[in-house]
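Subject: Handover of a predicted structure

Dear colleague,

Please find below the structure that I am handing over to you.

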Amino acid sequence: MRPASLLASVLLLSGVAGAQTLIPLDSRPATRVLPALIAGLEGGAPHVPPSDLLGTAQRGADPLALGAWLEVQPVDGPLVVALDAVAYGGLVQSRTSALTVPEALARLELVRAWHARTDQPVYAFITLPREPDATDRARNLEVVRAMIGWAREGVFAELHVTWDDALPGSPSPAEGAALAQDAPANVRVYPGADEVLSMLAARALSPRGRTLRVEYSDPGAAQAVMRYEGIPLTQSAVNHAHASGFEVTESGPADLTLYVYNGGDARRAAIRVSSLLRAGPVAVADVAQVNTGNPRLWADLSTLRQTANLEALAAWGTPGNNLGSALAHAKLALDGASAVRQDALLAREYANDVIYSARVRALLRRALPESALAGQDAQAQLLTLAKEFFPLRVGNEYTLKDAFLPWGRSFEWEFDLTPDAQP
């Protein structure tokens with residue numbers, strides 16, 4: 001099953017209450033499928049472009065095609081948009097595009113025009129590109145400044161300016177700090193990228209403020225500066241909490257506890273999560289390693305039969321990716337998500353973030369060289385390797401029906417889980 005049919009199969013068209021229109025950063029599952037599933041938790045069916053209209057590593061999205069698609073979507077809710085997809089064609093292209101400032105801004109006019117035509121709110125984000133890939137930082141900065149100007153004019157209900165993969169020496173943290181100094185109240189500036197569309201979708205659909213308590217498996221290590229964000233993990237958690245609509249509290253009751261596994265005894269962490277669940281809603285962000293979940297932590301949580309009781313789980317990317325997607329999912333789950341969709345999304349997160357990232361990806365890389373992963377043999381090999389880890393039980397039991405590598409590389413997969421029976 002390919003992405004368009006996957007979305008249709010999971011986002012059962014049970015109505016469009018609270019529907020959003022999403023324009024993702026690119027066609028990757030983490031940036032296109034996951035935000036749509038989060039946005040659809042409460043029963044709506046978000047409008048999302050088909051994957052072939054969005055950018056890949058090799059080619060950018062066509063802004064004219066995206067604009068034509070947007071023109072014919074129902075106007076029944078806000079627009080949540082990755083501005084880099086419209087301006088440059090995607091995240092990869094935002095680093096290397098030869099467009100001038102006027103050309104990029106001309107492409108972005110379709111967003112301003114949509115807001116003027118529909119009078120619906122626009123939630124948007126734009127990134128500061130990573131080093132050393134960025135070829136024209138001055139151009140990107142000028143476009144970001146123009147978008148901050150649009151936010152000041154009221155084009156955006158919210159604009160998030162984020163930066164992507166800030167390794168040591170990256171100018172992005174300093175650029176972000178300078179931009180934040182005189183930004184209007186509806187602009188947030190912080191490290192992030194792939195998770196931001198999900199957080200903005202949650203903000204648009206769930207405007208009610210919630211309280212959050214954050215607990216770390218290793219509190220001392222949480223004070224260290226993270227490699228990909230240039231700030232401590234504790235600050236990243238606060239940034240992503242605020243960006244998702246939570247207020248962090250240190251004491252007293254909270255609507256949600258975010259348990260951040262950042263190293264240490266995985267079995268003890270699983271027992272602690274189980275204990276926290278007896279007191280109230282819990283989400284888990286596993287950030288001990290980049291792009292992979294900790295097998296012991298998740299095996300122990302499964303043994304304790306607690307995975308299905310979480311509000312959200314995330315372990316698929318950088319610490320910021322995981323914090324943001326877990327909080328976005330939890331924000332909507334707290335509002336009363338469809339039980340069927342909630343269980344299916346937890347199963348998808350577990351299948352991707354734990355089974356694939358910690359198990360199947362390594363097996364696939366041992367079986368085939370990266371250069372061979374775009375072919376049909378790789379797709380067949382992937383499905384054979386992955387099926388060994390299924391069926392998967394969360395609340396319901398899920399069978400793996402199909403799997404493929406949408407970008408022809410091992411970093412991400414796309415897959416179809418089928419529930420064996422309704423919970």
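There are 4 aromatic pairs in the structure. Rings of Phe, Tyr and Trp (for Trp, its six-membered ring) pair if their centres lie within 6.5 Å; planes under 30 degrees apart count as stacked, over 60 as edge-to-face and the rest as tilted. One of the pairs is that of Tyr 356 and Trp 413, which is stacked because the ring centres are 4.8 Å apart and the planes meet at 10°. This pair links distant parts of the chain, 57 residues apart: Tyr 356 belongs to helix α14 (residues 339–367), while Trp 413 lies in the loop between β12 (397–404) and β13 (414–419). Helices (H or I, at least four residues) and strands (E, at least two) are DSSP runs, numbered from the N terminus.

Trp 413 also forms a stacked aromatic pair with Phe 415, with 4.4 Å from centre to centre and 25° between the planes.

Residues are numbered from 1 along each chain as its sequence is written, and side-chain values use heavy atoms, with hydrogens and water left out.

Two arginines are placed over aromatic rings. The charged end of Arg 112 sits over the ring of Trp 150, 4.2 Å from the ring centre. Arg 361 lies over the face of Phe 411, at 5.3 Å from the ring centre. A charge sits over a ring if NZ of Lys or CZ of Arg is within 6 Å of the ring centre and within 35 degrees of the ring normal.

The sheets come next. An open sheet of 3 strands has the order β11-β12-β13 and antiparallel pairing. Two strands pair if DSSP finds at least two bridges between them. β11 and β13 stand at the edges with a single partner strand each, so one side of each has no neighbour in the sheet. The antiparallel pairing of β11 and β12 runs over 2 bridges, and Leu 392 stands opposite Tyr 398 in β12. Helix α14 packs on this sheet, touching β11, β12 and β13, and its direction makes about 135° with that of β13. Contact means heavy atoms within 4.5 Å. Axes are lines fitted to C-alpha atoms, for helices over the stretch in contact, and angles run from 0 to 180 degrees between N-to-C directions.

Another open sheet has 5 strands in the order β1-β2-β3-β4-β5, with parallel pairing. Its edges are β1 (21–23) and β5 (187–191), each with a single partner strand, so one side of each is left without a neighbour in the sheet. From one strand to the next, the twist averages 15°. Strand β2 (residues 79–82) pairs with β3 in the parallel sense over 4 bridges, and Val 81 stands opposite Ala 124 in β3.

Turning to the helices, the axes of α3 (residues 63–71) and α6 come within 10 Å and cross at roughly 10°. The two are therefore roughly parallel to each other; angles under 35 degrees count as roughly parallel, over 145 as roughly antiparallel, 65 to 115 as roughly perpendicular and the rest as oblique. Where they meet, Pro 63, Gly 67, Leu 70 and Glu 71 in α3 face Arg 107, Leu 110, Trp 114 and Arg 117 in α6. Helix α9 (residues 196–205) is mostly covered, with 10 of its 10 residues buried.

Finally, some backbone details. Most residues other than glycine have a negative phi, and most peptide bonds are trans. A cis peptide bond joins Glu 131 and Pro 132, with omega about 5°; Pro 132 lies in the loop between β3 (122–128) and α7 (137–153). The bond from Phe 390 to Pro 391 is also cis, with omega near 10°. Asp 119 has a positive phi, near 60°, and is found in the loop between α6 (101–118) and β3. Asp 119 counts as exposed because its relative accessibility is 66%.

Yours sincerely

Definitions and conventions: This is a predicted model: local features need pLDDT of at least 70, side-chain atom pairs count only at pLDDT 80 or more; totals for chains, interfaces and linings use all residues. Buried means under 20% relative accessible area, exposed over 50%, partly exposed in between (1.4 Å probe, protein chains only).
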